[in-house]
Amino acid sequence: MAATFHGVGATVAALSSSSSSSSSSSSSSSSSPSNSFGSKILLSSPSRSFSVRKRASFTMVRSEGSMNFDLNFKGRRAQQLIANAVATKADSSPASSSSKPGHELLLFEALREGLEEEMERDPRVCVMGEDVGHYGGSYKVTKGLATKFGDLRVLDTPIAENSFTGMGIGAAMTGLRPVVEGMNMGFLLLAFNQISNNCGMLHYTSGGQFTIPIVIRGPGGVGRQLGAEHSQRLESYFQSIPGIQMVACSTPYNAKGLMKAAIRSENPVILFEHVLLYNLKERIPDEDYICNLEEAEMVRPGEHVTILTYSRMRYHVMQAAKTLVNKGYDPGVIDIRSLKPFDLYTIGNSVKKTHRVLIVEECMRTGGIGASLIAAITENFDDYLDAPIMCLSSQDVPTPYAGTLEEWTVVQPAQIVAAVEQLCQ
Amino acid sequence: MNSASCAAKISTQPFSLNPTSPTSHDNPLVFPKPTSLFLGSTRKIRLSSSSKLNLHRRSGTVVAVSDVVKQKKSKSTPSLLITKEEGLELFEDMILGRAFEDMCAQMYYRGKMFGFVHLYNGQEAVSTGFIKLLKQQDSVVSTYRDHVHALSKGVPARAVMSELFGKTTGCCRGQGGSMHMFSREHNLLGGFAFIGEGIPVATGAAFTSKYKREILKEADCDHVTLAFFGDGTCNNGQFFECLNMAALWKLPIVFVVENNLWAIGMSHLRATSDPQIYKKGPAFGMPGIHVDGMDVLKVREVAKEAIGRARRGEGPTLVECETYRFRGHSLADPDELRDPAEKAYYAARDPITALKKYLIENSLASEADLKAIDRKIDEVVEDAVEFADESPVPSRSQLLENVFADPKGFGIGPDGRYRCEDPKFTEGTAHV
């Protein structure tokens, strides 16, 4: 299924001529390294400090299916290897000077690895959800865990989301550290009572007596013609609940890191995964690491515009970034990762540099993460903005089944390119 | 038809307890005829039938205490159910519950506490009958009618009263209120405002107990969880979902239904297709017992068996206690719908009066003993009010504490520091 992108955290943004090692799909324009404002900025190496966050070296991602980045349906089934707009000189990055080479795996395997390591580390960590045990999880995130840890630690529940989420909360209050899986994030709408009333509130209403170190996770987002009810983005519904944290993973590296951090956190955390990102491949470090739950990830530093995104839209943005780079723009891309609370430091630093903000999200327009982000940025960084913040979100439409309509509900790279061009006028 | 025998067929252990399941007639729930016509309204009150209810005295099982009380000179009374110490303990606990709730009503009308306050008068037998059998490590989950559950479980009256007054010395630092009583020390897991919401939490606590025994290898962990809820909750999905899960995994939990026949103004009969709640237990593979919830000794006997089952790892039990609340649903409820005859019927079965009678007639305690307890409890309650009155209200700095167990959850501010490190945060004036 998914994606093809790659990249990240890098130190140098080099143009494709020097770094690309693959042929891109139909939309590639020949990249000319010399470019009026591009070259100096792009070829110079900004501080290596960004690489401190990443110790991995990244390689290309192979996609099994394809993501239709351009509206070209014929390209769907073909394997696409898209050169990253941000080439990382992986070997030269000081962060990869760790002695072990790291290992390559897919995102769902990274989640599983994170989960397995935490379960080995702490016997109180347990998993509950539908089909997590014998079936191995509907997206294979828990495959093999039931055989290893037993049926009680990896609990196959009946189809009763509200009740088993509440059960997880009760277990968390009494000393365990459950990871509750929603087979699809949309099913957690049934658990909204427990998540809102108990998960978020009980630490407060009990005067701090009970902690609820629960992780609620599951795949959400618009998939490949899954229909309206299986294509929901619940970030916007949960974001107002006081007392919970929300994070969204987008690469195998941050998936494993966020999973581990969420399990270790004393707060209730909702981890949003995306149905189309489970087959992303990446090389991640062998050693133990976590990703800070409250921090955003600088994907590509840039000078002209700050693009804020998360989850699957990160890949659409990076696809658009490649086009933009070819057109001579220098977009900065931040994967906000922490949907609640926002990392205003990383975001703010970028805004102060670029003075222009574009938010690209898969959430609905009304009351979505983008809406909150606009409010937060306007409140805090209004002085630094040269233009009104633009926000590209999904249409306020129940996701249609038809492929064409589904394409148009979600933000596509071409729209992102157009938006940046408009913003940078 | 007899639920206990159905249960006996399902459960491996013979559960022969069936003290008051009124199998001898078709309409087990008897009420005075209500003034308005609705389904099931044509039942007659049967005041004299209680002596006919317990038809079969099985040896060693529960004796219908009310029979013993009524038939003073009857056949040889079986051995007493309680010792003097136990009797006084039960009496004291019920008196504490009653006195406390009466004081709450007073304080509410004097403007010391606000919001929704739900009082437990009349139902004390259920709380005392069950909770006094528990250890400190056992857990109790309740609903919004939780003051007396908290007191029975051991939360000091001072802490509960302070919480009701909204003071910082309350059991939840004043942040919970009447409907959200929690105590980590006494394993009171709440206090929930939405009905049915606490049942999954109770199921989770029972799950932890099983997990501790089987995975964490704490071999002697036999903690039991009690979930208290009302008749209205028994029509809610969470109830059924949790009955299923508890029976499926044989969790050490007892589901205690406090059937007081009314959910605010909704009669149980008007809301429920089959009003016999105990029958729903066997449908999920657990015993379902119906007990007279106005009689603390009967409740206690049933509770012993149910809690014993759970401790031995035999799984959950559903116990329906037929009880009654003497006051309205809450202090804001004018309580106009209930028939005065019905109220009078149950007032005559006041659990405290019944226990008092039992204690005296069986020479377990004297009037003087009981009066002494009355006075003692009055002092405890007065002291609780004084303590609460004198306690400080929460300061502003308390506002943002406890939202997160790890306050880093408030995130990183524009200056790069965690917001919780901002001094305004600890003052409670930060905008998060």
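Okay, salt bridges: searching the whole structure, over all chains, turns up 43 of them. Keep in mind that this is a predicted model. As a reminder, side chains of opposite charge can pair when their charged atoms come close.

Let me start in chain A. A:Arg264 pairs with A:Asp288, with 3.1 Å between the closest N and O atoms. That one links distant parts of the chain: A:Arg264 is in helix 9, residues 252-264, while A:Asp288 sits 24 residues away in the loop between strand 8 (281-284) and strand 9 (297-300).

Now over to chain B. B:Arg311 and B:Asp138 meet in a salt bridge at 2.7 Å, N to O. B:Arg311 belongs to helix 12 (residues 296-311) and B:Asp138 to the loop between helix 5 (124-131) and strand 1 (139-141), so this pair ties together parts that are 173 residues apart in sequence. And B:Asp138 counts as buried because its relative accessibility is 0%.

Here's a local one in chain B. B:Glu214 bridges to B:Lys210, closest N and O atoms 3.4 Å apart. They're four residues apart in helix 8, so about one helical turn separates them. B:Glu214 is partly exposed at 36%, whereas B:Lys210, at 12% relative accessibility, counts as buried.

One more thing on charges. Back in chain A, salt bridges with shared partners join A:Glu113, A:Glu117, A:Glu118, A:Arg121, A:Lys256, A:Lys260, A:Arg264 and A:Asp288 into one network. So that's where our A:Arg264 and A:Asp288 pair belongs.

Next, the interface. By class, the side of chain A that touches chain B has 22 nonpolar, 22 polar and eight charged residues.

In terms of extent, 52 residues of chain A contact 54 of chain B. The area buried between the two chains is about 4,400 Å², and carbon and sulfur atoms give 64% of that. On the chain A side, A:Leu152, A:Tyr204 and A:Gln209 supply 16% of the area buried against chain B, more than any other three residues.

Let me zoom in on one residue there, B:Thr208. This threonine is in helix 8 of chain B, residues 198-214, and at 1% relative accessibility it counts as buried. Its side chain makes a polar contact with the side chain of A:Thr174, at 2.7 Å. If you leave aside neighbours within four places in sequence, B:Thr208 is in contact with A:Gly170, A:Ala171, A:Thr174 and A:Leu176.

Chain B as a whole, quickly. There are 16 helices and seven strands. Of its 432 residues, 58% are buried. Among contacts with a separation of 6 or more, 72% are between residues 24 or more positions apart. The accessible surface comes to about 17,400 Å², with 53% belonging to carbon and sulfur atoms.

Last stop, A:Leu189, in the loop between strand 4 (177-181) and helix 6 of chain A. Is this leucine buried or partly exposed? Partly exposed, since its relative accessible area is 32%. Not counting residues up to four places away in sequence, A:Leu189 touches A:Gln232, A:Leu234 and A:Tyr237. For A:Leu234, 45 residues along the chain, the C-alpha separation is 8.1 Å.

Conventions. Residues are numbered from 1 along each chain as its sequence is written. Chains are lettered from A and ligands numbered from 1 in the order in which they are written. This is a predicted model: local features need pLDDT of at least 70, side-chain atom pairs count only at pLDDT 80 or more; totals for chains, interfaces and linings use all residues. Side-chain values use heavy atoms; hydrogens and water are left out. Helices (H or I, at least four residues) and strands (E, at least two) are DSSP runs, numbered from the N terminus. Buried means under 20% relative accessible area, exposed over 50%, partly exposed in between (1.4 Å probe, protein chains only). Contact means heavy atoms within 4.5 Å. Accessible areas come from the Shrake-Rupley method with a 1.4 Å probe; for residues, only the protein chains shown count as cover. Buried area is the accessible area (1.4 Å probe) that two parts lose on being put together, summed over both. Ala, Val, Leu, Ile, Met, Phe, Trp, Tyr, Cys and Pro count as nonpolar, Asp, Glu, Lys and Arg as charged, and the others, Gly among them, as polar. A polar contact is a pair of N or O atoms within 3.5 Å; within protein, one must be able to donate a hydrogen and the other to accept it, and residues adjacent in sequence count only if both atoms are side-chain atoms. A salt bridge is a side-chain nitrogen of Lys or Arg within 4 Å of a carboxyl oxygen of Asp or Glu.
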